[in-house]
Structure formats: structure tokens, C-alpha cells
Amino acid sequence: MKYIQTEYSGPLSGQVRVPGAKNSSLALLAAACLADDCVTLEGIPQIDDIRLIAEIGRDIGMKLQWEDGQVVVDPRWIHSAVIDPGKASGYRASYYFAGALLAKFGKVTIGFPGGDDFVTRPIDQHLKVFQALGAKVELHKDYYVVEAAELKGADIFFDTLTSGATINAMLTAVRASGQTRLFNCAVDPEVVDTAAFLNRLGARIYGAGTDHIRIEGVSYLNGGIYAVIPDRLIAGAFLMAAGLHGGQVTVADVIPEHLGATIAKLEEIGLQVECGETHMTAYGTGQLKAVRVRTGMYPGFATDLQQPLTALLLKAKGKSIVTDRVYPKRFAHVPQLRRLGAEIDVRQESAFIRGGLPLQGGWVHATDVRAGICLVLAGLAAEGTTSITGVEHIERGYEDVVGSFRAIGARLAIREMDEREWMGQMHVQG
Ligand SMILES: CC(=O)N[C@H]1[C@@H](OP(=O)(O)OP(=O)(O)OC[C@H]2O[C@@H](n3ccc(=O)[nH]c3=O)[C@H](O)[C@@H]2O)O[C@H](CO)[C@@H](O)[C@@H]1O
Ligand SMILES: C=C(OP(=O)(O)O)C(=O)O
């Protein structure tokens, strides 16, 4: 059993190179299925979610080959649109294979999405897209089947802002006959990135990045080369690390505009943030202010950054309130932070944080990727040693979490324990 051990670390300073975005990469690799020739993707991170996609790809005949930091995808030999339910449920964004394979083959059988568990993560808007474009959806216990004799363009009004279903609608409609118009679309950078990639292959998608997207169906998509956008969520968490003890952290290879709401919130808390064209530096002044944060869909404050921000707010004297409007139950990190001495109450969709209290190291468990990063930050701020289990969740989204935090002076390591030690720990933790 792997765990991460962190030690109290003083001011964190240094530079981190930000890898390609997990959430875009998951969409682009499924989108690559739609091409009629080889596609080269640059910047795809080597994380567990991507390794799972490579396995799914192998099962269905789509080859993925890593060459000098690029992934070459050959979709010409895909022979199956049946995806093992266990693998599909091993990560969240398997629904993109549903859209892409339906578009290419007219039928797909696939397990329900897994990924981080925030109590409810419906996929009704994805299914609505498939049906609106002419497909029949059958739901079974562990999998669903989507089938269409022909996909025909349609007008689709999303009931809620969803980046996943907006992307999936583009994947499904890109080869449909006629015109598809999407209304009330998410405007996340990952939506724009997916549209830009498909357009590079010859798709005709207009308006991505606004709330209204128009897609003119095409019958053929070329191969091509494309670089995925940087991971704004990894970048954001490293900027927050600068605030823990008054350090200075530079994130390189980023698109600063993608982090507008994060910069504004960090400045409100008391950090200074300087932006260059492709890098950003956060300076912790040592004076942190308690604040109110409400998550929202892009360009609002990202739900994926509320957990790391909570770790920072534990250091800000006074009462902070973090409200998650996107995933109102995304607070599984809170009981873990309490183990380290944090005083946080969760009521409805908000965490009420009493900041400025000392934290003391202990054993904690990461339940999802960003909860894991929150615990790493809290562990670096806590006196003594903190041991974080659930590393597999962090590795879904981070290539080398230990190496990248060490690059800014953090004291942490990956450790292993055998089953007997683990059982002993479980006993101590109750
Ligand atoms: C792989 C991936 O890209 N994951 C990201 C993606 O998840 P994901 O694509 O699952 O999230 P969405 O953008 O779709 O979800 C946004 C909101 O819409 C709701 N909703 C979504 C789909 C649906 O069919 N019905 C519905 O009600 C969700 O419950 C949520 O409240 O965006 C989330 C919100 O920024 C991020 O936290 C995740 O990191
Ligand atoms: C929620 C996340 O991931 P996923 O949607 O893949 O579960 C995340 O990246 O924070």
C-alpha cells in the first residue's frame, strides 16, 4: 500500500512546469477516434486516467504510442465499439467514448462513468444529446447502449451548464448530417480546446467558448497534430502553495487567462500574483485574509480548486466560507482535515472554516484527486509528519506529485507499507 508522507515545510519557493490538462486530454483522446487518419497529440500527461484510456484503446483496436512526449493515435483499426464496463467505470470521462464511437460506428456499449465520487454526478445531459441527435439509449445495470441508424443535426438546449456534455455534444454531432445548434453551453477552456482540435482535423464547429455553438456535420476527418492546453488546475494548486508560509512559486507553461478567478481570489486572500505570457508567479506575503468563495462554472472559481484553497484558508486567521455550487457535496476532504486539527463545519453546500489554528500531522485518506492535493498542502503546513493514503486518486490526475512539490522545496516522499502495518493503522485510526 502506497502512501505519501509529508513533513512540515517552511516557505515553498521554486518553479514547476505545468503538464497538459488532464480534462482536455481525456476529451482529445476520445475525439481522436473520430479521425480517419493518424493523430499526434502533444503534452498528454502520463497519468493513470490516460493509461486506462490506452488500455481501452488497445481493447477496441485504437493504437496509442508514446514518442518523445507526443502520443500518436491510430484510429484506423478500431474494430469494436464495446467497452469493458470495469474500465469505463475506472475514470469519469469514458462518456466521451460513448459520443465519439456512436458518431463513428452508430452503436456503442459502455460502462457508466466512474471518477471522483461527489455523491451525485448525473449524465442526463449526455443522454439527452444522444437522443436529440436521433439515438436510442438503453440503460442496464452496469452499462448502457446507445444506437442510431443515422445521427441528424438538431437544436439542443442544455438544462444546466456542463462542460462534459457540451464536449460530448460536439463529439457526437461532428459527423451528424446537417446542422446542430447547442444553447446554454459551458465555456470552459477544455470545450474550446476540443473544438479547436476537431477543427484542426477538418470539423466545422463555430462559437466554442460562447454559450451558443454551431456544428455543421462533415463526413470525413483528417489526421493532424495538436498540442493540448496546460492544466490550469495543477497550476492553480501550486500558486496556492506559495501562500502557505510566505513563499514564491512560479508555474511555467501556463495560459494565465485560464486562471482569472483564481488570481482574483488569491489576491483577495493576500497573495501577490504576477503574470507573464506563459508563466505566473505567486508571492505569499505571510498575511492571509479569511474570505468567502463560491465555486461556479468557468470563468467562475473552479470547483476543482476549492479543496486545495481550503488548505490555504486553514492558515488565514478568521472565518472563511467555501460554498460549492457545482458539486454541493464535495466535502469529503473535511473530516480528513479535522484529523489534523482543522476546525471546519459543513452545512448544506458550504464549509465554514475557522482559520489560523495550529495543524498537527496525522494519518489521512485522499478520497479524490483534488482532496489529495488539499491534504498534501495541509500536510506541508502541519507540524510533524502527515501520512496520506489513497494515492491512487491523486495519480489519476498528477504525473509526479512528489517530484513536482519537491521542486518548490516541499518535504515529502512516497512510502510503502505492508498489509499488516496497514491493518494496524486502520485500528489506530478507528
Ligand atoms: C473529466 C472532467 O473533465 N472532469 C471535470 C468536469 O466534470 P464533468 O464533465 O463531469 O462535469 P460537468 O461540467 O458536466 O458538471 C457541471 C455540473 O453539471 C451537472 N451535470 C452534468 C452533466 C449532466 O449530464 N447533468 C448534470 O446535471 C453536474 O452535476 C455539475 O453540477 O467538469 C467538472 C466541473 O468543472 C470538474 O469538476 C471535473 O474535473
Ligand atoms: C473531478 C475531477 O476529475 P474527474 O471528473 O475525472 O473525476 C478532477 O479532476 O478534479
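I am working with a predicted model: local features need pLDDT of at least 70, side-chain atom pairs count only at pLDDT 80 or more, and totals for chains, interfaces and linings use all residues. Residues are numbered from 1 along each chain as its sequence is written, and chains are lettered from A and ligands numbered from 1 in the order in which they are written.

**Ligand 1.** I looked up its shell (C-beta, placed from the backbone, within 6 Å). It holds 20 residues, and Asn23, Gln125, Thr162, Ser163 and Gly164 come nearest. Helices H1 (22-31), H5 (124-132) and H6 (163-173) each supply at least two shell residues; helices here are DSSP runs of H or I, at least four residues. Domain 1 (2-19 + 230-429) and domain 2 (22-227) both contribute, so ligand 1 lies between them. The domain bounds come from an automatic or database assignment.

**Ligand 2.** I found Lys22, Arg92, Asp116, Asp304 and Arg370 among the residues around ligand 2. Its shell divides into 3 nonpolar, 2 polar and 5 charged. The classes count Ala, Val, Leu, Ile, Met, Phe, Trp, Tyr, Cys and Pro as nonpolar, Asp, Glu, Lys and Arg as charged, and the others, Gly among them, as polar. Both domains give residues here too, so ligand 2 lies between them.

**Annotation.** I checked UniProt: the unreviewed entry has "domain: Enolpyruvate transferase" over residues 9-402. Such annotations may be inferred rather than shown by experiment. Over that range I read 32% helix and 24% strand (strands are E runs of at least two).
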